[in-house]
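Biologist: I would like to learn how to read a structure like this one, feature by feature. Could you put it on screen and walk me through it?

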Amino acid sequence: MAKGYLAFVLHAHLPYVRHPEYDAFLEERWLFEAITETYIPLIKIFDRLREEQVPGRLTLSISPSLLAMLEDELLMARYAAHLGKLIELSEKELERTQSEPHFHYLAGFYHALFQETRAVFERCSGRLAGAFKNLHAQGVIELITTAATHGLLPLLAAQPKAVEAQVVTGLDYFERVFGFRPAGMWLPECGYYPGLEELLSREGVRFFVLESHGLEHASTTPFYGVYAPLYTPSGVAAFGRDQGSAKQVWSAREGFPGHPDYREFYRDIGYDLEFDYIRPYIADGVRVDTGIKYYRITGPTSWKEPYHPEMAKERAAQHAGEFLQQRMAHLEYLASTMEVAPIAVAPFDAELFGHWWFEGPKWLDFVVRKAAFDQDTLELIALSDYLDRHPVHQVGTPATSTWGHKGYFEGWLNGKTDWIYPELYRCAARMEALAKRYAQASVDPLVRRALNQALRELLLAQSSDWPFIINNETSTQYATRRVKDHVARFCYLAEALERGEIDADKLAALEAMDNIFPNADYRVFL
């Protein structure tokens, strides 16, 4: 019998980016890259684990905003076209590199990879959510979710109805797509504040994950630190992140992803090759990553050596063994000092596996297999399964916290982003007033549509992705525009509702533009 448990929690999330007003849009590539490099590779790995009956469970959180994009016919048609272009480019690369044996081999490697990706996508009939649902039903993964548009809940806490709208709308949409209510919730940016668990409990949530200091600074000193959950007074379990497990995997400097044998993320033929050659495969004349990368990390300088997939695969296997050995040693020690079976929780952004760290899915596959067949010290487990087996734990209230820079809110609330929140607060107050005004059971269908669309615009404006992007100065203009556009659209609808003059054509245009969450219901603000 295992002496302890290891719980991987992968959080798949992207901001809602959909622009039907353009034939193609640069930022939609965020989704396309994540599907090709993370979501389909994970599906392939989970499918093989199921087929080969490899024991072990993982937890996968899929955000409602990402789920809405994966369910969107327009975006999936655009992804299929994007994938077709990648295959075409890889075919051109096979011709171009004929006189360079190793690069020709790599071109063939990518050509085969993209074709296999298309085969998986077509096998799912373009619905990746269906593949994940099947994996959940087959017991390979446990699916959970997060708030509707990933709003940072502690920064919305001054308006409880705004928090409730994020949580309830997200859970409702997840249930609409998957057919069941999730047992757990990934708090956006692991952002927690005392009292949030009361809402989660009312909505049937059993557990959430938070940063380690949120558990360590709880109202009750946890006997076992982050290696056992803490029940909040409302009965929802809080699991803390194990820093040792996490840093070894996500850190490019101190962890595995920075090893010289792994593929170099920042070296792509979209930048290396002549512009006229690459023009048809980039974004409207803008050089971008294509996903075809021929070099490995090599070292900290700009000089790079060619990538060797088999060498990288061997390194991933070695690193999986190292990771597992350290977790085993740690859990064996913890088990000797604890009266309950210890659990090490390793939460990550899912996009780390494959997109940022190309070999990440292979590494994860090796970890699962080695855990199943090469040892008997620990067991890979889903968080709800752990609670089922070990239901008795301390009770206490975690501390306000988040992950990210300095462990609180500086990455989302600072001098670059502080203009956002007064706008969000004003809109939420206006939304609550509108909900009360139209609280009666019989509301004109056009008015109801306008109210529900106003809710969608507010939720989209509240996304934590926009201040995060602005703070990091990556796509600042786009993120700024998104906040201002959604606030402006909300205000237009609010004014029309307040005046009682709704333009049906303009409302329909907004519904077509921002069609997230078809089941959004303004009455969540009542």
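Predicted model: local features only at pLDDT ≥ 70, side-chain atom pairs only at ≥ 80, totals over all residues.

Biologist: How many bridges join β1 to β8, and do the strands run parallel or antiparallel?

Modeller: The general idea is that strands of a sheet pair through backbone hydrogen bonds, either parallel or antiparallel. Strands here are DSSP runs (E, at least two residues), helices are runs of H or I of at least four residues, and both are numbered from the N terminus. Two strands pair if DSSP finds at least two bridges between them. In this model β1 (residues 4-12) and β8 (residues 343-349) run parallel, joined by seven bridges. β1 also pairs with β2 in the parallel sense, over four bridges, and there A12 has I62 as its bridge partner.

Biologist: Are the residues of β2 buried or exposed?

Modeller: Buried means under 20% relative accessible area, exposed over 50%, and partly exposed in between (1.4 Å probe, protein chains only). In a regular strand the side chains alternate between the two faces of the sheet. For β2 (residues 58-62), five of the five residues are buried, so this strand is largely enclosed by the rest of the structure. L58, L60 and I62 cover one side, with T59 and S61 on the other, and all are buried. β8 is mostly covered, with six of its seven residues buried.

Biologist: In what order do the strands of the open sheet come?

Modeller: Four strands form it in the order β4-β5-β7-β6, with mixed pairing. Its edge strands, β4 (184-186) and β6 (230-231), each pair on one side only. β6 pairs with β7 (residues 237-240) in the antiparallel sense over two bridges, and L230 has A238 in β7 as its bridge partner.

Biologist: Now the helices. What span does α4 reach, and what is expected?

Modeller: The expected span of a helix is 1.5 Å times one less than its number of residues. α4 has 23 residues and reaches 33 Å from first C-alpha to last, close to the 33 Å expected. α3, with 24 residues, reaches 35 Å, close to the expected 34 Å.

Biologist: Which elements do the buried residues of α4 pack against?

Modeller: Contact means heavy atoms within 4.5 Å. The buried residues of α4, including F103, Y110 and F121, pack against α1, α3, α5 (128-137) and α12. In α3 the buried residues include M76, R78, H82 and E93, and their cover includes α1, α2 (64-70), α4, α10 (269-272) and α11 (275-278). A317 lies in α12 and counts as buried at 17% relative accessibility. Leaving out residues up to four places away in sequence, A317 touches F366 and K370.

Biologist: Which residues lie nearest the centre of the second largest pocket?

Modeller: Rolling a probe the size of a water molecule over the atoms shows where empty space is left. On a 1 Å grid over the protein atoms alone, a cavity is a set of points where a 1.4 Å probe fits but cannot get out; a pocket is an open set with protein on both sides within 12 Å along at least five of seven lines, and lining residues have an atom within 4 Å of a point. Grid points are joined across faces, edges and corners, and a volume is the space filled by probe spheres set on the points. This pocket has a volume of about 640 Å³. It is lined by 31 residues, of which K44, F109, L113, F358 and K362 lie nearest its centre. α1 (29-51), α3 (73-96), α4 (101-123), α12 (309-337) and α13 (360-373) each supply at least two lining residues.

Biologist: And where does a positive phi occur without a glycine?

Modeller: Most residues other than glycine have a negative phi, and most peptide bonds are trans. C190 has a positive phi of about 55 degrees although it is not a glycine. C190 sits in the loop between β4 and α7 (196-202) and is buried, with a relative accessible area of 1%. E473 also has a positive phi of about 55 degrees, but E473 is exposed, at 56%.

Key: Residues numbered from 1 in each chain as written. Heavy atoms only, no water.
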